[in-house]
Amino acid sequence: MTAVENDADVIVVGAGPGGSATAYHLARHGVRVLLLEKTEFPREKVCGDGLTPRAVRQLVRMGVDTSPEAGWLHNRGLRVIGGGVRLELDWPDLASFPNHGLVRTRLDFDDLLARQAVSAGAALRTRVNVIGPVLDGDGRVIGVQAEEGPDKAPATFHAPIVVAADGVSGRFPLALGLAKREDRPIGVAVRRYYRSEVRHDDDYLESWLELRAKGTGELLPGYGWIFGLGDGRVNVGLGILNSSSAFGKTNYRRLLSDWLANTPPEWGMADEANAEGSILGAALPMGFNRVPHYTRGVMLVGDSGGMVNPFNGEGIAYAMESGELAAEIAVQALARPAGAERERALMAYPQELKTRFGGYYRLGGIFVKLIGRPEIMRVATKHGMPHPTLMRFVLKLLANLTDPRGGDAMDRVINAMTRVAPAV
């Protein structure tokens, strides 16, 4: 077989947070990286726009300026509303994570991260739609086939390692036969922007455990959020998990409108005239719902590998974290000869992901099943919300914010729980 000339050491498919983080950390180690994105920047994405301290840590590790002067809105913690109680919980003060979260729209956020990867040395190509793998005679992936530009000109790119960071659609892993696992949690989220002078500069992310319709007070399915953007607007949305009886049977856009109609008029969210853009929706692939995370020269990162946290629906932090891990392991693999030695190094990727998140995601799967039952959720909300100490424990668990070594009693309990839980 004739050897092909590689266009890069690693090809990264998709320049979302996971892909850009992968490309940044690879380029920082001197690896030739080709980052392929099917759209152009800036571009819109459906997301809550709220970042927990776990995501902030990854931004700091990428050298991103997260100061207010650089356009970031800082937040102190999470405000939880439910069971007639309104509770403000500050992010925990830990050695391992910052004690603040951030808010920024995906329109700005993804563009900024892609530019950060380029500044580290990655080569970004936009309007390149990757449609499938290039395989060698042994079935190993040695590149990608794509359509480039407005005329969709066929293009082929080669590299010994490919990272699939193409989001929830996972078209690239699907082309390799890696389908989603139906036994893992999945959610659906919808969101819209509204102008709101009253709520836009809130220094807490807000989570609603109960949504009620205007007039009837009927309890609606799902869980809501309100995140101020600091620019006169708020991001408002809701999510439903597949453990709910309403999953797949509900008009989610109407559900969002029904909830917002019941919010105070001065907030501006009950008035269609204050809306900016349409209601957009996306799936949330949770708990490693696509595996294996490495096979035949391809590493899966972020949503492509179903890495959304089942406890809180957070995906950006895990996309960026898995991207950094994929980069570290790819660097080590590329330092070895092609063949069995390199494969041995690459196989460390799924094992390390399992070690880091497998037990935690197993607990998250149990959590999803429990909160899908309204009677359990009602009891938990009624008896849990009035107890701030218990809710601080819940915040640490749901946001996956603990110090791995030392820490307080809460940290030690949560860490022990995740260690003993069988990894998914």
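Modeller: A pocket here is an open set of grid points with protein on both sides within 12 Å along at least five of seven lines, and its lining residues have an atom within 4 Å of a point. Keep in mind that this model is predicted.

Colleague: Which residues lie nearest the centre of the second largest pocket?

Modeller: The space in this pocket comes to about 750 Å³. Its lining is made of 27 residues. Those nearest the centre are Arg54, Thr355, Arg356, Phe357 and Pro404.

Colleague: Now the whole chain. What radius of gyration does it have, and why does it count as compact as a globular protein of its length?

Modeller: The chain holds 11 helices and 21 strands. For 424 residues the globule rule gives 22 Å, and the value for the chain is close to that, so the chain is as compact as a globular protein of that length. The C-alpha trace spans about 70 × 50 × 45 Å along its principal axes. The radius of gyration is 22 Å.

Colleague: What share of contacts between residues at least 6 apart joins residues at least 24 apart?

Modeller: Begin with burial: 55% of the 424 residues count as buried. Then take the contacts in the chain between residues at least 6 apart in sequence. The share that joins residues at least 24 apart is 70%.

Colleague: Which elements do the buried residues of helix 2 pack against?

Modeller: Pro53, Arg54, Ala55, Val56, Gln58 and Leu59 are the buried residues of helix 2. Their partners include strands as well as helices. The elements are strand 3 (50–51), strand 7 (101–103), helix 3 (106–120), helix 6, helix 8 and helix 10 (388–399).

Colleague: Is Arg61 buried, partly exposed or exposed?

Modeller: Arg61 is found in helix 2. Buried means under 20% relative accessible area, and exposed means over 50%. Arg61 has 44%, so it counts as partly exposed.

Colleague: Which side chain is joined to that of Arg61 by a polar contact of 2.7 Å?

Modeller: Leave out residues up to four places away in sequence. Arg61 then touches Tyr24, His25, Glu324 and Glu328. Arg61 also has Glu321 at 9.8 Å, C-alpha to C-alpha, though 260 residues separate the two in sequence. The polar contact of 2.7 Å is with the side chain of Glu324.

Colleague: Is His293 buried or exposed?

Modeller: His293 sits in the loop between strand 19 (275–285) and strand 20 (294–295). Apart from neighbours within four places in sequence, its contacts include Phe288, Met307, Tyr349 and Leu353. The cut-off for buried is under 20%. At 3% relative accessibility, His293 therefore counts as buried.

Colleague: Which residue has its backbone oxygen 2.9 Å from the side chain of His293?

Modeller: The His293 side chain has a polar atom 3.1 Å from the backbone oxygen of Arg290. Another backbone oxygen is reached at 2.9 Å. It belongs to Gly305.

Colleague: What is omega for the cis bond from Val291 to Pro292?

Modeller: Pro292 is in the loop between strand 19 and strand 20. Another cis peptide bond joins Phe41 and Pro42, with omega about -5°. Pro42 is in the loop between strand 2 (33–37) and strand 3. For Val291 to Pro292, omega is near 0°.

Colleague: Is Lys152 buried or exposed?

Modeller: Lys152 lies in the loop between strand 10 (141–148) and strand 11 (153–158). Its phi is positive, about 55°, although it is not a glycine. Exposed means over 50%. At 56% relative accessibility, Lys152 therefore counts as exposed.

Note on methods:
Residues are numbered from 1 along each chain as its sequence is written. This is a predicted model: local features need pLDDT of at least 70, side-chain atom pairs count only at pLDDT 80 or more; totals for chains, interfaces and linings use all residues. Side-chain values use heavy atoms; hydrogens and water are left out. Helices (H or I, at least four residues) and strands (E, at least two) are DSSP runs, numbered from the N terminus. Buried means under 20% relative accessible area, exposed over 50%, partly exposed in between (1.4 Å probe, protein chains only). A polar contact is a pair of N or O atoms within 3.5 Å; within protein, one must be able to donate a hydrogen and the other to accept it, and residues adjacent in sequence count only if both atoms are side-chain atoms. Contact means heavy atoms within 4.5 Å. On a 1 Å grid over the protein atoms alone, a cavity is a set of points where a 1.4 Å probe fits but cannot get out, and a pocket is an open set with protein on both sides within 12 Å along at least five of seven lines; lining residues have an atom within 4 Å of a point. Grid points are joined across faces, edges and corners, and a volume is the space filled by probe spheres set on the points. The radius of gyration is taken over C-alpha atoms; the globule rule is 2.2 Å times the number of residues to the power 0.38.
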